[in-house]
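Morning, everyone. One model today, and a few minutes to walk through it.

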Amino acid sequence: MIYVWRHAQGQPPSWEIEPWPLDAAYPTPYGKRHLLRDHPQDVVENIVDFGHLTPVHGTVGEVLSEPRFEAERLRTSFRILPAGGDTAAWVSAAAPELTVRVQGLGIVYTSIEVPKIGCHIRTVLTATPVSPTHAEVYVSGTMWLDRLGRGRAAGALTSALSRPLAWVGSFDFGKDFPVWAHKTYLERPRLAQGDGPIMN
Ligand SMILES: [Fe+2]
């Protein structure tokens, strides 16, 4: 993946992008591209908007490590649990643990651990504004299953599993798209339980 820096006033880069922390044993990632009526900020804010998980995704986020901001970076970790009664419940029943590292508004690295089945997933998401109203979001992922060992056949199988994995990820991620496409700016929006902290 090649990142290109562009500053509105032509200034040079003021920070460096951390490389994707991917063990060489992981198979080649498989990616999916989405063109959304959206701003990259929505994609990143969605990660720490735990309040929307139940109504939109049918899940609950159990925070393991509170969101921590350091300059242009954000880091947090949480466990996804089923809220019950929704189609996403079968995804969250495995209680995946996500560690998310955001860089700026455009790059998100996520490590997903599913201890129940010994599954390790690594994803990278990039959000690039391509017009005043649209952003291109690219999500790429790869996985490893402990029970398959480290042989060549295991590599081929996990590589083949990357496509359905991308489909499952897109299915859940896609539930956010209509929300972003129909959003409206409100000067004083109503707050839901759990919103905040509010900072000036
Ligand atoms: Fe979401």
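Start at the hairpin formed by β2 and β3, with two residues between the strands. This is a predicted model, so keep that in mind throughout. β2 covers residues 59-70 and β3 covers residues 73-82. The two run antiparallel, joined by nine bridges. Glu70 has its bridge partner in β3, and that partner is Arg73.

Now the turn. Ala71 sits in the loop between β2 and β3. What is the phi of Ala71? It is near 50 degrees, a positive value in a residue that is not glycine. Most residues other than glycine have a negative phi. Is Ala71 buried or exposed? Exposed, because Ala71 has 9 C-beta neighbours inside 10 Å, and the cut-off for exposed is 12 or fewer.

Next, the core. The largest nonpolar core has twelve residues. Among them are Leu36, Val43, Val44, Ile107, Leu125 and Val139.

Last, the whole chain. There are five helices and seven strands. From the N terminus, the order reads β-α-α-β-β-α-β-β-β-β-α-α. The chain has 200 residues, and 20% of them are buried. Take the contacts with a separation of 6 or more: 54% of those join residues 24 or more positions apart.

Notes
Residues are numbered from 1 along each chain as its sequence is written. This is a predicted model: local features need pLDDT of at least 70, side-chain atom pairs count only at pLDDT 80 or more; totals for chains, interfaces and linings use all residues. Two strands pair if DSSP finds at least two bridges between them. Helices (H or I, at least four residues) and strands (E, at least two) are DSSP runs, numbered from the N terminus. A nonpolar core is a set of buried Ala, Val, Leu, Ile, Met, Phe, Trp, Tyr and Cys residues joined through C-beta atoms within 7 Å. Two residues are in contact if their C-beta atoms, placed from the backbone, lie within 7 Å.
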